[in-house]
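The following questions and answers examine a two-chain structure.

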Amino acid sequence: MSTTQADRPPESAVDDSPVAVTTTRRRLPGWLSGNLLLLPTSVWFFFLLVIPTLLVVAYSLGGRTVASPIKFSWGNLIWSNYKTALNPRFLPIFWRSIWYAAVSTIACVLLGFPIAYWIARFGGRLRNVYLVLVIIPFLTSYLIRMYAWQFILQRDGLLNSVLGTIGLGRGHEFLNTDFAVILGLTYGFLPFMILPLYASIERMDPSLVEASYDLGHGKASTLFRVIIPTVAPGLIAGILLVFIPAVGDFVTPELLGGVNTQMFGNTVYDQFNSGNNWPLGSAMSVLLMVFILAGVFVYLRRVGEEAL
Amino acid sequence: MSDPDRVNLAFIWDTTSPHFSRRTFMRTMAFASAAGFAAACGSSAKTGGGATTTLGNTPTTPHTFSSAVEAKTLNFYNWTDYIASDTIPNFQKTTGIKVTYDNYSSNDALFAKLSSGSTGYDIIVPTDATLVKMKHASLVQPLDLSLIPNVKNLDPRFRDAAYDPGNQYSIPWQWGTTGIGFDKSKVGGAVTDWDAFELPAVKGKSSFLDEARDAFAMALFALKKDPNSTNDADLDAAKDYLIALKKKVKQITSDYQDPLKGGELLMAQAYSGDVFTIQADNAKIEYVIPTSGAFSWVDSMAIPKGAKHPKNACEFMNYILEPKVGAALTNFVNYGSPNKAAEKYINKDILDNPLIYPPADVLAKLPFQKDIGDAELKYSDRWTEVKTA
């Protein structure tokens, strides 16, 4: 902000203008207007991000009784919530969350990349129409879309009746399986992969691909050595935008999963409901948050932050 | 608006709508409770200046209400499809009190709404376990029983029930049991007790409730222990039972109605009323009260803390306890009535249905869920172990 102050010339000329008497077009100094522009965002982030996050951290050091699921006191910080949250009993669920999120992210890349590439390169005049088609599912609530998958995947559902009609048999168990949860996550987060990828691919100079062919690269080699490095920022953004919400999701396994598809998010959610243990739920949230932040940090270091 | 026949639109919609389950929207409403949590965060942020932040723990008010004259209105918040068409109009006619009638479809939704602040409702109808939670969180206030002389009409069983001894906080509305719903055409008639979950026909096609106390009660009944046990050894045995059972079921869920109706689930631990509702659409679905015993559930009228018309609320409760009013209610909704004096006006087919009015020997094995105080935490911690096993 100090640089903007230096960039601006003095504004004294405006004050001397005869019309200034009524309209007073006097400009604020640069540093002040910069800060003022930031003010709404800062207030927003302070009240809706910083304070809630601090509350979660505070709750994770609280106790609980039957009467109130959270009892926080500065004089009695309870660190053992973290010990409970780190109980190896929760590890299988933690790994399951990572596994679901990783498989969904890979599926999103494999599905999203060709779609984004095709729209950006060959979409022509209808590009915006295709993009709107990608966004349209967002116009419906995530919950409703997951309920729709229930109807498609259930025993008497659409998928089974189609399979039955083409002679592959009815009555397959799709719902309440790992497959259903990963499918739901992939479907739900696919647009988050397509949109940043599209933005990157659209900005890529198409002559790079031609140059690559001219210089003797094959198709695969062009893809891996020219296209992917060029669109890496979009790819990295897409992977983060899919993986991070997917790893903490609890709605999809709740609606499409069965008895053995609980994710970390469900365990946290249960602590705020039937588990009646907000401190433990908060400690788990903090640990997940720290783990994801550390993971993102390492990932960006490795993949190269200059790519973003 | 002074016309006593005139009631709020929701009421008209309610009695003419096709019967769908009270708990169908449980899951959706769970998100409402998440929103309630967010609101709770907000409110504690405001008071966060002090050294200690305690949520929802304020002292209770005395048993008699202020002598101030109340406006002739009553705001009543009840489950959907859970009242007779003439219950409210007759009350308005006889008392001149205008009733506003609103509906909810899950205990979670009700609890979230109440804990997020003053709602303006004078009567709510939580299920026993939720009533206990509300008592602990000081969300409901004691009744003035001198205003409810008809309390004598209650079946003695409901006068001193474990969830609310002496009707200090609540007057029961209707009751039922937590047993097993199953598809008779696919499972056969062999379902009599909780061990039916072991039947090969239902392997991977059954569910039990996503409620700690209900699930543990099932295990404790099956193990012939006290369903309200607070003994660590009993609870550990029940936990092991549930973890083993988990390998044989498809889901742990309270949203079993549609899957059971559609054949996705062949058997489910279920609330009696829900199964009777499903039967209306799918006659193959049957309900049994397990022979080793089951919990009774009771939906009870209670007055939220801060209600503006507690005396009108008591007057309404007293009205519901009149024999003919209670009988008309039961004849309409087909649940068991806690009103003993009403039984001579209740339809014979309801009184003769052993699933609604169980014979004395079965009734003896249908205890209420007890308010076990701090021991509730023993259940919730073990429940987390079951769910994450």
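Q: In which loop does B:Asn334 lie?
A: The model is a predicted one, in which local features need pLDDT of at least 70, side-chain atom pairs count only at pLDDT 80 or more, and totals for chains, interfaces and linings use all residues. Residues are numbered from 1 along each chain as its sequence is written, with chains lettered from A and ligands numbered from 1 in the order in which they are written. Helices (H or I, at least four residues) and strands (E, at least two) are DSSP runs, numbered from the N terminus. B:Asn334 lies in the chain B loop between α12 (323–333) and α13 (348–351).

Q: Is B:Asn334 buried or exposed, or partly exposed?
A: A residue is buried if 20 or more other C-beta atoms lie within 10 Å of its own, exposed if 12 or fewer, and partly exposed in between, with C-beta atoms placed from the backbone. Phi of B:Asn334 is positive, near 65 degrees, in a residue other than glycine. Because 19 other C-beta atoms lie within 10 Å, B:Asn334 is partly exposed.

Q: Why does A:Asn176 count as buried?
A: A:Asn176 is not a glycine, yet has a positive phi of about 65 degrees. Most residues other than glycine have a negative phi. The place of A:Asn176 is in the loop between α9 (158–165) and α10 (178–203) of chain A. A:Asn176 counts as buried because its C-beta neighbours inside 10 Å number 27.

Q: How many residues of chain B are in contact with chain A?
A: Two residues are in contact if their C-beta atoms, placed from the backbone, lie within 7 Å. On the side of chain A that touches chain B, the elements giving two or more residues are α4 (30–59), β1 (71–73) and α15 (264–272) of chain A. Chain A contributes 32 residues to these contacts, and chain B contributes 35.

Q: Which helix of chain A do the buried residues of α15(B) pack against?
A: Helix α15 of chain B (residues 376–388) has 13 residues. Its buried residues include B:Tyr379, B:Trp383 and B:Val386, and B:Tyr379 is also touched by B:Phe216. In chain B, the buried residues of α15(B) pack against α7, α8 (232–246) and β8 (251–252), and in chain A against α15.

Q: Which residue of β11(B) stands opposite B:Thr177?
A: Strand β6 of chain B (residues 170–183) is mostly covered, with 14 of its 14 residues buried. Two strands pair if DSSP finds at least two bridges between them. Seven bridges join β6(B) to the antiparallel strand β11 (residues 296–304) of chain B. In that strand, the residue opposite B:Thr177 is B:Ser296.

Q: What is the radius of gyration of chain A?
A: The radius of gyration is taken over C-alpha atoms, and the globule rule is 2.2 Å times the number of residues to the power 0.38. Of the 308 residues of chain A, 30% count as buried. A compact globule of 308 residues would have a value near 19 Å, whereas chain A has 26 Å.

Notes
Expected span 1.5 Å × (residues − 1). Lists of a residue's contacts leave out its neighbours within four places in sequence.
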